[in-house]
Amino acid sequence: MYICVHEKERPEWMVVMRRWKVCPGDVDSGSEEVKTMSQDAVIGIIGGQGWMGRALGMALLERNVVSPERLVISSRSSRGEAYRNWPGVRCVKDNRELVALADVVVLSVRPEDLASLEVELDDKLVISLLAMAPSQEIANQLGSRRVVRAMPNAAAEIRRAYFPWFASPQVSVADKRLVQALLASCGTARELPTERDLDYLTALSGAGPAYPALLAQSMLEHARGAGLSEEIAREAVMQTLVGGSLLLETLGTEPGDMVERLIAYDGTTAKGLRTMMDEGIVQAIHRGLDAAHRAAISPP
Ligand SMILES: NC(=O)C1=CN([C@@H]2O[C@H](COP(=O)(O)OP(=O)(O)OC[C@H]3O[C@@H](n4cnc5c(N)ncnc54)[C@H](OP(=O)(O)O)[C@@H]3O)[C@@H](O)[C@H]2O)C=CC1
Ligand SMILES: O=C(O)[C@@H]1CCC=N1
């Protein structure tokens with residue numbers, strides 16, 4: 001079943017799916033894209049039961065980007081609990097079986113598990129979600145030069161990830177369209193011009209949901225210390241962080257302008273922000289991002 005949405009309101013992934021002739025009669029079957037990209041490509045997710053693999057798998061299904069019959073997932077230990085409402089999804093333990101079934105392989109294991117993967121992709125398209133593993137390493141380990149590195153973040157679970165990706169030169173235009181459509185199911189997908197940018201964004205957006213979590217944690221500790229009830233403290237922190245972020249997004253205001261606008265009252269906000277800045281909050285954030293970036297390019 002496919003969602004029917006007015007042409008002008010169709011999100012990007014749906015427009016691309018039309019180009020692959022996912023909806024019968026939707027597209028010129030003689031087009032180069034349709035010939036290049038199979039209309040029934042099978043997507044395999046190695047590590048598809050984990051946090052990121054499951055978020056992507058569920059987003060693909062829930063948004064009708066991939067039908068259950070075209071999704072295969074693997075994990076060493078579990079039998080597909082996350083996909084129990086999707087009986088058509090094939091859950092396997094043997095990655096060689098997954099690779100044999102799949103046209104596109106998404107790699108979503110932890111970086112330390114990469115070396116022990118014993119699969120040969122024979123130049124199938126691979127989308128690696130791994131931090132700290134360069135394209136060349138993925139190519140060497142899996143036996144494919146058609147490598148895309150993509151960097152989700154934890155908000156993929158609620159389809160609000162920022163999901164940048166970088167493609168090696170052997171990845172075709174049709175492959176790229178497929179990648180964009182698959183990843184956009186989880187939020188905002190964006191092709192990057194260089195792998196260097198992907199390494200940087202691993203620190204900024206890949207790790208990013210941890211930063212507001214740290215801010216929330218420290219605000220919550222402070223509110224508890226001030227004697228607020230747990231319920232009110234949590235509500236106040238969450239509504240403030242979510243509301244403040246939505247305000248910036250909705251108004252499209254430069255963050256620096258918002259800071260200046262609130263400091264201009266020369267009241268409570270100004271006192272709080274000036275003290276935080278004098279204490280070195282900006283430098284601490286920059287040093288933290290530098291350290292995360294260094295880890296992304298030179299793993300231990
Ligand atoms: N979590 C995050 O916020 C982000 C994670 N990433 C990257 O995404 C990748 C996945 O992270 P995440 O989902 O959080 O990790 P998880 O530990 O939640 O998931 C990894 C999954 O891989 C499975 N796995 C491990 N080895 C194999 C194997 N040989 N064959 C099949 N399945 C295997 C594990 O299951 P089992 O043990 O049962 O096999 C597990 O379910 C990492 O490389 C990380 O760098 C990137 C950005 C953000
Ligand atoms: O911490 C990590 O290494 C991974 C990559 C970004 C978020 N999680």
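Analyst: Two residues are in contact if their C-beta atoms, placed from the backbone, lie within 7 Å. On that basis, residues 24 or more positions apart account for 54% of the contacts in the protein chain with a separation of 6 or more. This is a predicted model, in which local features need pLDDT of at least 70, side-chain atom pairs count only at pLDDT 80 or more, and totals for chains, interfaces and linings use all residues. Residues are numbered from 1 along each chain as its sequence is written, while chains are lettered from A and ligands numbered from 1 in the order in which they are written.

User: How many helices and strands are there in the protein chain?

Analyst: The protein chain has twelve helices and eight strands. These are DSSP runs numbered from the N terminus (helices: H or I, at least four residues; strands: E, at least two).

User: Why is Gln49 called buried?

Analyst: A residue is buried if 20 or more other C-beta atoms lie within 10 Å of its own, exposed if 12 or fewer, and partly exposed in between. Gln49 has 21 C-beta neighbours inside 10 Å, so it counts as buried. Gln49 sits in the loop between β1 (43-46) and α3 (51-62). Leaving aside neighbours within four places in sequence, the contacts of Gln49 are Arg54, Ile73, Ser75, Ser78, Gly80 and Ala82. Gly50, in the loop between β1 and α3 too, is buried with 21 C-beta neighbours inside 10 Å.

User: What makes Val242 exposed?

Analyst: Val242 has 12 other C-beta atoms within 10 Å, and the exposed class takes 12 or fewer, so Val242 falls in that class. Val242 belongs to helix α9 (residues 230-251). The C-alpha atoms of Val242 and Pro212 are 9.6 Å apart, although 30 residues separate them along the chain. Over the protein chain of 300 residues, 33% count as buried.

User: Which residues of α5 are buried, and how do you know where they lie around the axis?

Analyst: In α5 (residues 135-142) the buried residues are Ser135, Ile138 and Leu142. They cover an arc of only 65° around the axis (taken from the directions from the helix axis to the C-beta atoms), so they are on the same side of α5. Exposed Gln136 and Asn140 are on the face of α5 turned away from its buried side. Cover for the buried residues of α5 includes β5 (125-128), β6 (147-150) and α7 (195-206). Gly143 follows α5, with a positive phi near 75°.

User: Which residues come nearest to ligand 1, and which are around ligand 2?

Analyst: A residue counts as near a molecule if its C-beta atom lies within 6 Å of it. Of the 27 residues around ligand 1, Gly47, Gly50, Met52, Arg76 and Ser77 come nearest. The largest share of that shell, three residues, comes from α3. Around ligand 2 are Ala131, Thr202, Gly206 and Ala207.

User: What is the make-up of residues 195-295?

Analyst: The chain there is 84% helix and 0% strand, with end C-alpha atoms 15 Å apart. The unreviewed UniProt entry places "domain: Pyrroline-5-carboxylate reductase dimerisation" at residues 195-295.

Definitions and conventions
UniProt positions renumbered as here; feature names shortened; annotations may be inferred.
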